[in-house]
There are 2 protein chains.
Amino acid sequence: MTVLMPYPELLSLVTRIFVDRGVPGDRAAIAATALCHGDLTGVTSHGLVNLTRLYLPLLDDGRADPAADMVIQTDLGACVLADARRTLGLWSASQAMELACARASRYGIGMVSLRGATHIGCAGHHAARAVTHGMIGLVASNCGGQRIAPPPGGAATMLGTNPLALACPAGDAHPFVLDMSTTVVPTGRVRAAAREGRAIPPGWLATDDGAPVTDAAAFDRGGAHLLWLGGDPETGAYKGFGLGLLVEVLGALVPGAALGALSADGNRDDDIGVLTLAIAPELLRGGFAADATALFAAVRGWPARDAAVPVVYPGWHEGERAARFRAHGVPVPDEVYAELHGVRERAAG
Amino acid sequence: MTVLMPYPELLSLVTRIFVDRGVPGDRAAIAATALCHGDLTGVTSHGLVNLTRLYLPLLDDGRADPAADMVIQTDLGACVLADARRTLGLWSASQAMELACARASRYGIGMVSLRGATHIGCAGHHAARAVTHGMIGLVASNCGGQRIAPPPGGAATMLGTNPLALACPAGDAHPFVLDMSTTVVPTGRVRAAAREGRAIPPGWLATDDGAPVTDAAAFDRGGAHLLWLGGDPETGAYKGFGLGLLVEVLGALVPGAALGALSADGNRDDDIGVLTLAIAPELLRGGFAADATALFAAVRGWPARDAAVPVVYPGWHEGERAARFRAHGVPVPDEVYAELHGVRERAAG
């Protein structure tokens, strides 16, 4: 059912596939790392499965540009506005975060705001780049003009699943990496269930009248819509929707990217907006790194209701999987393995 | 049941009560505005009811200092770390946001991070100060060392309700103000229901075994704990918990305030950490204000499932109530009115 691929071999294969499409080599390697991050951490809904379904079609249709340069439009030192010019979001979001970290190393805080981006993959991967600099990284990305979920009480979809991610160092332990859609789940998890014919739990999808839907395939048939984190209005739907708007504001309104509520057709995730923010806490006070280590060690050591199921923080399980898969190989489903090699051979042939 | 008090009279009464406790006049007026914001916007759980239950006891017990000066510990220009030195959080959080806006007007972004703060009241009120400068304001505050909700799967409480707020201009319309606890509801809403003997919906509280609890009084009896936004693990509990940790990191770990997971007794919300962040988007690009106006007008005009219940964004209802109450008086429950006057007369006598 799955092939175990050595991680360097997988990275190199995906890098070559991007290079075959005209992406410069250093950029292709960064994009491949972002794409493989999904499978490396077990978040397969945001990994290799999207190569032939999302990223290569973007390049083939000209909606993504393999080799354009990002253009800085405003530079205020601690914050920068740039046009990503349809480059691969898998690359541009990482570049933006690296630039944010460089600015944070001077100002304590650095913000790089992108317009004109394409799909960035796992937001948490880009946020976690800050951790390698001992910094906190925050990423918020809208879905361009694409409308996926309706507002509470609304009769039509308005916003995307609008991911939000925060990463923070935890000493030698796996970093804290919160990486969440502001809907209950991202579309990728619904589609993965639909592909596998699995029923989904009540609370992910609902009909227009609010009835729960457990048939994952109903989503792409148009028979159900995604719920906001919080579920019903009395258990916090307005918070989930509000977080979706928070991402729309920080990620897309600030740089002037496309907005779901104002786009012409609501179908395309072109002109995505991305916020990357880095904070360099050790510049503010000594002792941050030690306190962060102590905080996340305390979380991991917290008394559990079931001793067999220890308390964890977001990012822990992903870090464990990545360590295991780096050592023993990354599981790649047979059909995805065949897709990767098929793409590569067609390009080489 | 309620007295309608003219807003200026209410403000002036609360200001005098703080002045009677030794708070300097200009500071008392700012704190009174923050406290009255709850009742002015209909968020009564975070308003005047807390004066005799929370803020005056803090001052009387010496846990809050009426007249200390905040001390800036690190100043990097775009970001500042300050010790609030137990001053009233109702005041210090607004001061921090004003300083963040001043820095954002120079650098595009401004962050002021507080340690040593006391309870700030409505986080959204402080965030909305940025809107008066045409800016976006973000506030995150932990609950000091106080532990209120357990992590998913945890056998003991770990973090506070850790509020997060974002405010954004919407032209002449009421600003977008998301003001949320990262638990399903804040403790104030549970206690308000308990005081009124109202049952609460399933999904707010649960027993240690996860069974829903609808008796609000069970919370302070220790028979139930607050759930994280998202509810169950399969509908997003790890996102709510992750957002609680996000606030803990940004609000308290950055400045070195008390942390729920590391505090000695877990009972006291002393040494609260507060993040205030301002973004000045018009410095990054012209046209932000017009786009923000168009975005929130589109949300308000969105097709509704029930024409009698228009689509709104967070902050809209609060803005409507504030406009009405400014014009016609702020409803104050009889017993709170009696409390205010009792406190004032004891001080004067």
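**Notes on the A/B dimer interface and the sheets**

1. Helix 8 (residues 237-253) of chain A is the top contributor to the side of chain A that touches chain B, giving ten residues. Helices here are DSSP runs of H or I with at least four residues, strands are E runs of at least two, and both are numbered from the N terminus.

2. Before going on, some housekeeping. This is a predicted model, with local features needing pLDDT of at least 70 and side-chain atom pairs counting only at pLDDT 80 or more, while totals for chains, interfaces and linings use all residues. Residues are numbered from 1 along each chain as its sequence is written, chains are lettered from A and ligands numbered from 1 in the order in which they are written, and side-chain values use heavy atoms, leaving out hydrogens and water.

3. Back to the interface: 79 residues of chain A are in contact with 79 residues of chain B, contact meaning heavy atoms within 4.5 Å. Between them the two chains bury about 6,700 Å², 77% of it on carbon and sulfur atoms; buried area is the accessible area (1.4 Å probe) lost by two parts on being put together, summed over both.

4. Polar pairs do turn up there: the rule finds 22 residue pairs in polar contact across the interface, both residues at pLDDT 80 or more. That term covers N or O atoms within 3.5 Å; within protein one must be able to donate a hydrogen and the other to accept it, and residues adjacent in sequence count only if both atoms are side-chain atoms. The side of chain A that touches chain B splits into 58 nonpolar, 14 polar and seven charged residues.

5. Now the seven-stranded sheet of chain A: it is open, mixed in pairing, and ordered 2-3-4-11-5-6-7. Strands pair if DSSP finds at least two bridges between them. Strand 2 (71-75) and strand 7 (176-180) of chain A sit at the edges with a single partner strand each, so one side of each has no neighbour in the sheet. From one strand to the next the twist averages 15 degrees.

6. Strand 2 of chain A runs antiparallel to strand 3 (residues 79-83) of chain A, joined by four bridges, and Asp75(A) stands opposite Val80(A). Helix 4 (residues 89-107) of chain A packs on this sheet, its direction making about 155 degrees with that of strand 4 of chain A. Axes are lines fitted to C-alpha atoms, for helices over the stretch in contact, and angles run from 0 to 180 degrees between N-to-C directions.

7. Asp75(A) also forms a salt bridge with Arg103(A) (2.7 Å, N to O). The pair links strand 2 and helix 4 of chain A, 28 residues apart. Over all chains the count is 26 salt bridges.

8. In chain B, strand 2 and strand 3 form a hairpin with three residues between them, and Gly77(B) in the turn has a positive phi of about 90 degrees.

Conventions:
Nonpolar A, V, L, I, M, F, W, Y, C, P; charged D, E, K, R; others polar. Salt bridge = Lys/Arg side-chain N within 4 Å of Asp/Glu carboxyl O.
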